[in-house]
Amino acid sequence: MWIRRLEVEHWRGLEHVLLDDLSPHLNLVTGPNESGKSRVAQALRFGLFESSRGAGRFKQDLQTWGGSERPRVRVDFELAGAAWQVEKTFVSQQHQTRLSTANRAFEGEEAEARLRELLGTEPGSTTSPASGAQLGRWSLLWVEQGRAGEEPEVADNSAIQGGLHDRLVREVGDVAAGALGQYVRRRAREEAERFYSQGLGAEKKRLKEARSHLEACSAEREDIERRIAAIEDDARTLRRTRMDESDLSERRAVAEAERGDARKRRDDTRELARQLEAVTDELTRAEAAVAERRKALGRAEALAEELGTNEQRREQLQAELDAAVREEAETSSALAELRENVVNAETALDELRTERLRLQRLAQARSQREELARLDARLEEAARQDTVLAELRTALNELPEVAEADVMALRKLEREQVEASARLEGASVRVRLQTQRELDLDGERIEAGVERTFLVDRDRSFDLDGVATVEIQPGSGALESLRDAVADRKADLRRRIEALGVKDLEHAERVRREREALVSREREARHRLRELFPDGREAARSWRDELAAALAELSQSEVPPDLDAALANIETDEGEQNARAKAARDRRDEISARAEALARRVADLRSELKGIDGEVAQLKRQLEGDGSVARVQEACDAAARTLADVVARRDDIAEVFKAAGGDTAELDLQRAEQAVAALVEQAGEKRDLRVALEQRMNDAGASSLHEALQDAASAGAAAELDLARLEREAGAARRLFERVEQAYGAAQAQLAEPVIRRIQPYLEQVLPGARAHLADDFALLGLQQGEAGSTERFDQLSGGTREQLALLVRIGLAEVLGEDEPWPLLLDDALVNTDPERIRQFQRVLFAASRRTQILFFTCHGPLFDATGADRVVPLEPRPRRH
Amino acid sequence: MRLLHTADWQLGLRLDFVGGETAARLRAQRYDTIRTIARLAHERAVDMVVVAGDVFDANRVGRDTLQQASDALATFGDLPVILLAGNHDALEEGAALTRLPNPPAGVFVPTGPEIVEVAGVELLLCPLQERHVRGDPAGWIPGRGDAERIRVAVAHGGALNFAEGVESVNRIEVDALLAKGVDYVALGDWHGTYRVNDRCWYSGTHEATRFREQAPGNVLIVDIDGPGALPRVETVPVARSRWLRESVELAEDADAESMLQRLEALPEKSWTLLRLELSGELSLAGRERLDTGLASLAASLAHLRLKAEGLSVAPTAEDLASLEQEGYLGEVVRGLRDEGDIDALRLLYRILREAPTAGG
């Protein structure tokens with residue numbers, strides 16, 4: 001189908017607009033705002049899709065405000081090779097629709113119905129504009145102003161879906177199962193959603209309840225089992241408690257019998273204990289008496305024994321005293337002899353010592369003489385050195401005193417003088433005179449052929465043999481100061497030389513070297529003198545005098561020839577004699593000490609003997625006073641016999657006491673009483689426990705736990721079965737649903753592919769490298785940049801890109817839908833968000849698409865579309881809106 | 001001498017797995033069958049009734065159960081009824097048998113191993129004091145001696161090792177017992193009627209308690225002419241409920257049809273409990289029909305326990321043709337079939353069958 005011509009009259013302020021000679025390809029309707037583009041587009045829409053019947057508000061609005069003319073539209077179109085005209089007048093009393101073709105015409109409702117049939121739309125309401133669903137494919141093909149960026153609504157439009165589906169099924173083959181496929185899809189979803197929430201994320205109440213019911217059953221069963229186990233436990237405890245009670249009763253009877261026995265034994269032992277106490281007192285007394293007697297006997301026996309011991313001791317002391325007295329006498333005699341020996345030895349020693357001293361003095365004189373000779377030799381050398389020193393000092397005194405500094409000063413002065421002379425010479429004139437013949441020069445005759453040179457450093461005139469006078473003025477008379485300088489330097493040097501007393505600089509240097517040599521020799525001589533007498537020569541001289549005097553004294557003594565040997569012998573003899581004298585002294589001292597010790601021993605023995613004599617006398621007196629040992633012994637024996645009697649009695653009573661339990665009887669009774677008390681207490685506890693358990697068992701007997709347990713078990717089993725059945729059903733529903741969705745999605749993806757294939761070349765023009773993503777219901781998902789690029793969601797794209805992409809999808813879908821019969825595409829200001837550059841790219845798309853599909857492109861940016869290559873351009877003039 | 005031997009009444013057993021009113025009927029029937037036994041005892045003029053253990057299912061039964069037991073026992077009148085404690089109602093503290101409210105005059109509950117004389121017969125009674133007794137509960141029974149009386153031992157436990165692999169407790173040495181000169185051993189514990197030998201029998205339970213029991217629902221009328229004489233034992237059915245076990249292999253859909261017809265024809269279905277184990281392979285349609293048929297059968301039976309894990313559904317070529325769809329549904333069917341997801345396939349089958357247009 002394509003629209004050939006459109007005529008609009010009295011349409012919302014448009015008096016008359018005619019678009020004729022429209023192309024089946026690309027038609028550009030341009031015009032500024034308010035030129036009526038959108039009103040023309042609206043008229044075309046009303047002409048094709050809205051019934052002329054009825055006067056709904058939306059139709060009344062078509063009428064020009066204040067005007068009375070009815071809005072009218074006429075559309076000429078060609079469909080399936082036939083030319084058609086439809087003419088409609090709105091807001092009219094009658095049905096004002098006329099549809100005509102070459103040989104037929106329809107009026108009114110028939111015309112509307114026929115038109116709907118031709119265009120594939122559904123009848124709509126007369127009170128509101130046709131909906132997208134009623135418009136079917138046209139809702140996709142017609143883009144109203146400002147809606148280009150919206151996604152084409154395909155999902156909710158069964159006509160488009162059906163059309164696309166039929167179209168694509170033919171193209172891609174068997175991809176879906178039509179109405180049955182949709183039914184199965186819906187039912188599979190319903191089945192799955194019986195058990196799961198939408199999206200199959202969570203289980204629904206039914207499954208949850210079955211699960212929680214099973215858990216509740218299990219919990220109840222476990223609770224009952226616990227209660228039964230508790231009762232069983234109580235039953236076992238009760239049985240044990242009863243046995244324990246019986247056992248305790250027997251044990252208590254035994255314990256009480258034992259307590260009776262213990263009590264009797266305790267009473268018996270109390271009486272025996274009293275008797276035992278009495279006999280024990282008696283025993284104590286008897287033991288005291290025996291002890292007393294035995295003590296007296298012990299004392300008597302001790303005195304007798306001590307007396308014996310003392311007498312024995314006295315005899316022993318007497319013998320020791322006698323022996324000591326004898327030894328003392330012998331020692332005194334030996335001591336006198338030893339003292340004499342000591343005197344003799346010491347005398348001999350004194351003689352030897354005197355002789356040794358004499359010999360030592362002779363040896364000393366000999367060495368002093370040798371020392372005196374060495375001193376004299378050194379003094380002589382010193383005298384020689386003194387002479388040398390005097391000579392050196394004279395020579396030094398004779399030489400002028402020229403120091404190193406003086407020589408340096410002279411050298412400096414000479415240098416200055418030479419420098420002054422050089423400066424003068426440099427400034428002088430050298431005059432060379434060569435005589436050609438003999439002549440007088442300044443009165444001096446000079447032979448021919450002689451060459452004379454004159455250095456003229458001051459104005460001078462030469463008289464040349466009276467023939468000529470030559471005047472020479474070097475430096476034009478300025479050499480005076482140089483000459484003076486030379487004279488000054490010379491005078492300075494001369495004065496200095498004279499002051500030093502030398503002839504010239506060379507002399508001065510020689511004098512200085514001589515002086516240095518003399519000073520060096522003087523230093524050496526002095527050094528030798530210090531070496532000869534480090535302590536001074538006077539000390540040496542007085543030492544010599546002392547030696548000489550000492551030797552003078554000794555010169556009388558005779559020095560034996562073997563003085564050293566004699567001295568050695570006498571020292572050996574003296575040592576030996578000294579040892580002998582020491583031995584004699586030691587022996588004397590030893591014997592002397594022995595004699596003293598013996599004297600003390602004799603005195604001690606005598607004193608001790610005297611004491612023993614006193615003690616013996618004392619003991620004898622005591623023994624005579626206390627009586628004899630035999631008497632005391634007799635009294636002691638009597639006391640012991642009494643004691644033995646008492647002990648025998650005591651043992652008899654103790655034996656009976658022990659047999660009766662002794663000291664433990666009281667404890668035994670306490671133990672028995674406590675044992676009885678403990679058993680009574682235990683029995684009480686057991687009784688209380690038994691009563692409580694009996695009560696509990698009695699109470700438990702009233703409940704039907706066994707039946708309840710079976711109920712719970714059965715309910716659990718039923719719940720388990722129910723849950724298993726539900727889970728199985730749910731699993732099947734879920735798997736079916738997932739598989740249906742998966743297969744359906746795959747089929748839809750297959751269906752979307754041809755649309756994408758058609759869009760892709762256009763997309764390449766506008767967005768090179770991009771690929772559109774369509775959902776299974778052709779909804780735009782987004783745009784992928786490049787093969788592996790990320791996909792941007794449609795709603796996140798820029799307004800311009802959204803607009804372009806949506807238009808491309810419309811074009812693609814229009815091409816799919818218009819495979820048999822192309823349907824016109826109306827785009828009213830469809831690229832308002834697109835920049836000029838992209839518009840230029842889009843023009844290619846429009847042109848290419850219009851080769852298959854008629855495009856009516858309304859725009860207010862005419863110049864931007866100059867290069868579109870439109871087949872027909874219809875400029876609209878600005879028309880002021882009249883309402 | 002004639003006695004009636006019964007055992008394992010298991011009073012207090014709830015049978016709730018049956019569910020609803022049927023369970024209540026079955027519970028009540030356990031008491032009614034005692035009344036049936038009482039009538040039989042009177043009719044057959046027995047000298048005594050011995051209940052060889054497990055009168056109650058547990059010691060923790062409620063008063064209601066005890067009262068119903070007493071009421072049922074009352075129908076025996078003055079007839080001596082020996083109630084022996086078994087492992088389920090052992091004579092522990094609070095044992096159910098010791099809590100019977102107003103037991104009838106003829107009821108006797110031995111509280112320990114004892115010998116009593118009833119109608120000139122020496123009864124050797126071996127109640128269980130505890131649930132599990134190690135050793136022979138009847139080991140204490142003395143030899144016959146010089147007594148010229150019929151000797152009947154009543155005991156509860158395993159004469160055979162019924163539970164293979166489980167350490168044996170309450171084990172009764174029957175041969176040793178008979179060697180001591182016992183004329184008849186009345187045993188309880190095994191729920192099916194079972195002859196150990198000429199002188200030793202299990203009567204089994206009077207009403208079955210589970211499907212796996214062999215020959216339950218009887219009592220034994222035992223006649224012993226005199227000491228040493230061989231007892232004459234007659235098995236008398238008393239149970240009202242029928243517990244059936246069926247294991248059916250279904251090779252094709254027609255097998256399921258014939259099985260359903262046969263089961264539908266069962267007598268007294270309201271007293272019949274059926275454990276049906278199915279195996280084999282059916283078509284989807286066959287399985288659908290089977291499920292419908294079994295649902296109908298379950299409504300008429302007292303209880304139907306179905307085990308159909310062994311029954312697989314193999315979509316036939318016809319099934320698959322009916323499921324075969326164009327487009328993505330074809331993919332769905334192929335995918336489910338390849339994965340053998342029969343449940344999902346069946347659901348799809350149902351959905352397609354319910355489709356408004358004839359899609360499947």
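How do α8(A) and α15(A) run relative to each other? They are roughly antiparallel to each other, a label for angles over 145 degrees. This is a predicted model, where local features need pLDDT of at least 70 and side-chain atom pairs count only at pLDDT 80 or more, while totals for chains, interfaces and linings use all residues. Residues are numbered from 1 along each chain as its sequence is written, and chains are lettered from A and ligands numbered from 1 in the order in which they are written.

The axes (lines fitted to C-alpha atoms, for helices over the stretch in contact, with angles from 0 to 180 degrees between N-to-C directions) of α8 (205-398) and α15 (664-701) of chain A come within 7 Å and cross at roughly 160 degrees. Helices here are DSSP runs of H or I with at least four residues, and strands are runs of E with at least two.

Now for where chain A meets chain B: 43 residues of chain A are in contact with 37 residues of chain B, contact meaning C-beta atoms, placed from the backbone, within 7 Å. On chain A's side, α16(A) gives the largest share, 21 residues.

Here is the make-up of two contact regions by class.

Over in chain B, β7 (150-156) and β8 (184-188) pair in the parallel sense over five bridges; pairing takes at least two DSSP bridges. B:Ala155 has B:Leu187 in β8(B) as its bridge partner.

Technical notes
Parallel < 35°, antiparallel > 145°, perpendicular 65-115°, else oblique. Contact = placed C-beta atoms within 7 Å.
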